[in-house]
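Subject: Structure for your review

Dear colleague,

Please find the structure below, followed by an account of what was found in it. I would be grateful if you would read the two side by side.

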Amino acid sequence: KEILKAKSQKTPYSLLMLDADHFKNINDTYGHKIGDNVLIELAAKCERALRDKDIIARFGGEEFVIFLPDITIAQAQKVADRLRQSISSIVVYSDEGKPIQFTVSIGVTSSDISDDIDMLIKTADDALYKAKETGRNKVEIFESSNLSDFVNQADTNKLVRDNTHPAFKEVNANIRLI
C-alpha cells in the first residue's frame with residue numbers, strides 16, 4: 001500500500017535491511033533469553049529513532065526491514081548510519097550482570113531500484129551482505145549501477161516472481177500480510 005501511495009504521489013521511498021552482527025554468538029554465549037532481550041532493545045531503539053510514518057518489521061531471526069516513505073537514497077543512508085551508531089550504544093545485561101553491546105550492519109535500497117517489494121528486499125539484502133562481508137558495523141547502499149552486477153534484469157524479474165518471500169503470500173482468502 002505504501003509503495004502504491006508513493007508511486008501515485010510520485011514521492012521517493014527507501015528500504016533498509018538491518019541485521020545484528022554476530023547474533024549467534026550472543027545466543028550461544030548468553031542464551032536465547034538474552035538474545036531475545038537484544039532483539040527487543042534493538043527494535044525499541046529503532047522505533048524511538050524513526051518517524052511515526054516509517055514502518056519497521058522483524059523479517060526473521062535477527063533481521064529487520066524498515067520502510068522509509070518520502071526518503072531518497074541519500075537521506076536513507078544518513079538515517080541508516082544514525083541508526084547504526086545509536087544501536088551500538090545499547091547495553092543489555094547477562095543474567096550475571098555482564099554488559100553486552102552489539103552492532104548492526106545495514107543494507108539500503110530505494111525506489112530508484114524498483115517498485116516491487118520482493119526486488120527491494122533482495123537488493124537491500126544484497127547490500128546488507130556486502131556490509132557484513134566487508135567488516136560489519138556499517139551501511140552499504142544498493143544503487144542502480146549495481147543492478148548489472150546483481151543479475152540481468154530479465155533473470156531478476158523471473159527470480160522475483162518465482163521466489164516470493166512467504167511473508168508476502170496469502171495466509172488465507174481474507175488476510176494478506178504486508
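Predicted model: local features only at pLDDT ≥ 70, side-chain atom pairs only at ≥ 80, totals over all residues.

Residues are numbered from 1 along each chain as its sequence is written, and side-chain values use heavy atoms, with hydrogens and water left out.

Overall organisation

The protein chain has seven helices and seven strands; helices (H or I, at least four residues) and strands (E, at least two) are DSSP runs, numbered from the N terminus. Their order from the N terminus is α-β-α-α-β-β-α-β-β-β-α-β-α-α. Of the 178 residues, 42% are buried, a term that means under 20% relative accessible area with a 1.4 Å probe, protein chains only. Among contacts (heavy atoms within 4.5 Å) between residues at least 6 apart in sequence, 66% join residues at least 24 apart.

Strand β6 and its partners

β6 pairs with β1 in the antiparallel sense over seven bridges, and three bridges join β6 to β7 in parallel; strands count as paired if DSSP finds at least two bridges between them. Gly-107 stands opposite Met-17 and also opposite Glu-140 in β7.

The nonpolar cores

A nonpolar core is a set of buried Ala, Val, Leu, Ile, Met, Phe, Trp, Tyr and Cys residues joined through side-chain atoms within 4.5 Å. The largest has 31 residues, and Leu-16, Leu-18, Leu-42, Ile-106 and Val-108 have the most contacts inside it. Elements that each supply at least two residues of this core include β1, α3, β6 and β7. A second, separate core has eleven residues, among them Ile-3, Ala-6, Leu-15 and Phe-67. Beyond its neighbours within four places in sequence, Ile-106 touches residues including Leu-16, Leu-18, Leu-83, Leu-128 and Val-139. The buried residues of α3 include Leu-42, but also Lys-45.

Ser-14 lies in strand β1 and counts as buried because its relative accessibility is 0%. Its side chain reaches the backbone oxygen of Thr-72 at 3.4 Å. Leaving out residues up to four places away in sequence, Ser-14 touches, among others, Phe-67, Ile-73 and Thr-109.

Asp-21 is in the loop between β1 and α2 and is buried, with a relative accessible area of 3%. Its side chain makes a polar contact with the side chain of Ser-105 at 2.6 Å; such a contact is a pair of N or O atoms within 3.5 Å, where within protein one must be able to donate a hydrogen and the other to accept it, and residues adjacent in sequence count only if both atoms are side-chain atoms. A polar atom of the Asp-21 side chain also lies 2.9 Å from the backbone nitrogen of Asn-137.

Yours sincerely

Conventions: Buried < 20%, exposed > 50% of the residue type's maximum accessible area, 1.4 Å probe, protein only.
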